[in-house]
Amino acid sequence: MASSTVTAGIAQFLKEHPPFSQMEAADVEFVAANVELAYYARGEVLIGPEDGVPGACFIVKQGLVEGLRRRPDRTGADLEPMVQRVPGELLPVSALMAQRPVMSTYRAAGDVFCWLLPKARFDQLLQRSAVFLDFCKRRMGSLLDLSHQALQASYAAGSTHWRSIQAPLESLLGRAPVTCGPDESLRAVFERMERERVGAIIVMEPDPGQRDRVTGIFTRHDVLGRVVLPRRSLDEPVRGVMSAPVVTMDVGDTVGEAMLVMADRTIRHIPVMRAGRLAGVVAERDLFVLQRRSMNQIGDAIGRAASVEELKLPASDIRQWSRALVAQGVSAAFITRLISRLNDQLAVRLIELKAAEHGVPLERVCWLALGSEGREEQTIASDQDNGLIVADDFAESIDALLVFAQAVNQGLDACGYPLCKGGIMAGNPKWCLTLSQWKALFEGWIERGDPQSLLNANIFFDFRALAGDPSLALALRDHVAPLAAAVPRFLKQMSDNALRNGPPQSWASGVFETLFGREAVTVDLKMNGTVPFVDAARLLALANDIRATGTVQRFEALAEAAVALPREVRNWIDSFQFLQSLRLRAQHSDQAGQEGNPNVLDTRTLSTLDRRILKEAFREARLLQQRLALDYPG
């Protein structure tokens with residue numbers, strides 16, 4: 001039994017590292033009182049697969065521990081470092097939880113000291129500490145929670161306007177909703193809105209059942225355009241001027257979900273239901289207040305724009321708003337989806353303007369969003385990736401459509417969405433094709449599987465209809481998806497291609513010794529970080545005929561189809577989203593990326609916690625790539 005002084009010293013060390021930093025003092029003291037110190041010389045194995053179920057949890061006190069495995073795609077090769085554990089970290093948590101042997105060989109990379117917590121005491125700790133149990137069940141998610149909390153706490157000192165993205169709409173509801181019947185006069189409705197001092201009134205139909213029938217909504221914003229200018233009589237019923245149908249949400253839906261709905265529909269008020277009854281109304285001002293322009297002000301400006309020049313300001317506002325959200329620690333998934341939604345609105349408006357200018361009937365074509373835009377994963381540094389599907393019976397208009405598409409591409413460039421350096425744009429004759437030509441193009445890529453075909457597949461298989469006739473894109477998807485799933489050689493070639501990009505090449509030469517030291521280490525967060533997850537999700541989705549285009553949505557569909565375990569999918573998603581958040585932070589920082597690359601990050605700028613999560617994210621990327629190597633062996 002350690003002395004009280006030694007125990008206090010151990011507890012003090014533990015409190016500096018997650019999950020102990022979040023645990024009750026008594027639980028940390030329990031750990032400190034029940035560990036024993038062990039020493040391992042360089043090259044000595046702490047535990048390996050042949051040792052059976054671990055008898056203790058190792059807490060690294062000093063030194064670096066490497067977890068080594070053989071890569072499944074390199075038979076007969078030596079063990080390679082796949083994960084590192086540094087002071088304050090635990091191992092082997094997954095094996096202890098599952099009561100199975102470890103899958104890696106853990107070896108001392110130098111002089112290593114570890115505290116050993118016996119398995120029986122580890123199990124006791126799981127019972128007494130909910131924080132420790134949560135960490136062991138979802139290590140990556142638990143670390144991400146701490147990172148978000150730290151970022152949000154730093155932002156909170158400068159702003160009180162932001163509502164938690166994950167807060168339920170229930171938390172925003174205050175007063176009872178103000179309602180009226182559809183046949184009440186405008187005069188009566190205006191008087192009630194003025195008396196109650198509300199900006200919106202909900203129109204309800206009588207219903208003898210247990211549910212409320214919300215049939216319309218009327219707001220102060222509607223008065224000028226729908227009543228005053230048309231010179232409607234105040235004796236007319238509100239039915240004639242209300243907005244219908246009405247988008248409603250549930251009290252359990254989140255603030256973030258409501259913001260996305262408002263962005264999609266360009267609306268300012270949403271009725272909120274509880275068990276079929278109207279519980280209240282949330283307004284845009286309830287969700288957030290930005291320093292300059294709100295989301296719907298941006299949407300309104302886009303909708304009113306009559307020229308490229310008038311679209312430049314809202315385009316700039318989208319980027320500024322993205323910066324504010326990044327500073328607040330809002331999740332990368334939410335930010336990239338919101339950026340994509342607003343960018344969609346702007347692109348659609350520009351397409352409409354140019355279609356009218358060039359006399360293009362949009363019902364005969366479909367504008368495709370490709371790449372990150374197709375996946376709804378745009379960052380502020382994303383360039384254009386788009387194409388145009390032309391109805392087969394409209395092929396004679398291709399030349400005129402190219403002029404139209406080039407005007408759209410130039411307009412987007414003027415608004416701050418750079419032209420694609422690789423020419424993947426609808427204004428390029430290669431990507432302005434009839435539906436039949438698109439089908440033949442995809443068939444050729446699947447058949448050949450050469451490097452250029454694989455490169456094109458990585459961009460074009462993520463297509464999404466943006467404007468025009470969406471049935472053209474649906475027809476292309478219905479044609480292509482089963483073809484790709486039915487050609488194992490193509491899937492194998494895609495797997496080999498996906499394994500070309502992974503965590504930094506210096507992984508095996510001590511990158512994380514440097515990462516946690518003083519020397520600068522730069523990481524390309526796109527090519528070495530997010531791309532391995534994007535490529536793997538695309539491949540696994542194609543192989544299983546999953547039609548989703550977003551990386552997270554593809555992973556979730558894999559879990560639903562029982563292709564992957566929910567826990568590993570959760571780790572993939574958490575890792576991908578953390579890397580996306582780092583990309584956004586790097587792009588918004590004042591420091592220019594290496595050689596102008598906005599995705600390059602100097603890891604010295606990260607907190608100790610974020611460096612630890614980065615290491616875990618790279619580990620998950622390696623494990624995911626191991627999965628591909630096993631599923632598609634050479």
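Leucine 229 lies in the loop that links helix H8 (220-228) to strand E12 (249-250); helices (H or I, at least four residues) and strands (E, at least two) are DSSP runs, numbered from the N terminus. The model is a predicted one, in which local features need pLDDT of at least 70 and side-chain atom pairs count only at pLDDT 80 or more, while totals for chains, interfaces and linings use all residues. Residues are numbered from 1 along each chain as its sequence is written, and side-chain values use heavy atoms, with hydrogens and water left out.

Turning to the cysteines, a disulfide is a covalent bond between the sulfur atoms of two cysteines. Here it is taken as a pair of cysteine sulfur atoms within 2.5 Å, and the count by this rule is zero. For cysteine 114, the closest cysteine sulfur belongs to cysteine 57 and is 9.6 Å away, which is too far for a bond. Cysteine 114 is buried, at 0% relative accessibility, and cysteine 420 also counts as buried, at 11%.

Next comes a sheet. Four strands form an open sheet in the order E17-E16-E15-E18, with mixed pairing; two strands pair if DSSP finds at least two bridges between them. Strand E17 (432-434) and strand E18 (464-468) are the edge strands, each pairing on one side only. Strand E15 (residues 365-369) runs antiparallel to E18, and four bridges join the pair. Alanine 369 has arginine 464 in E18 as its bridge partner.

Terms used
Buried means under 20% relative accessible area, exposed over 50%, partly exposed in between (1.4 Å probe, protein chains only).
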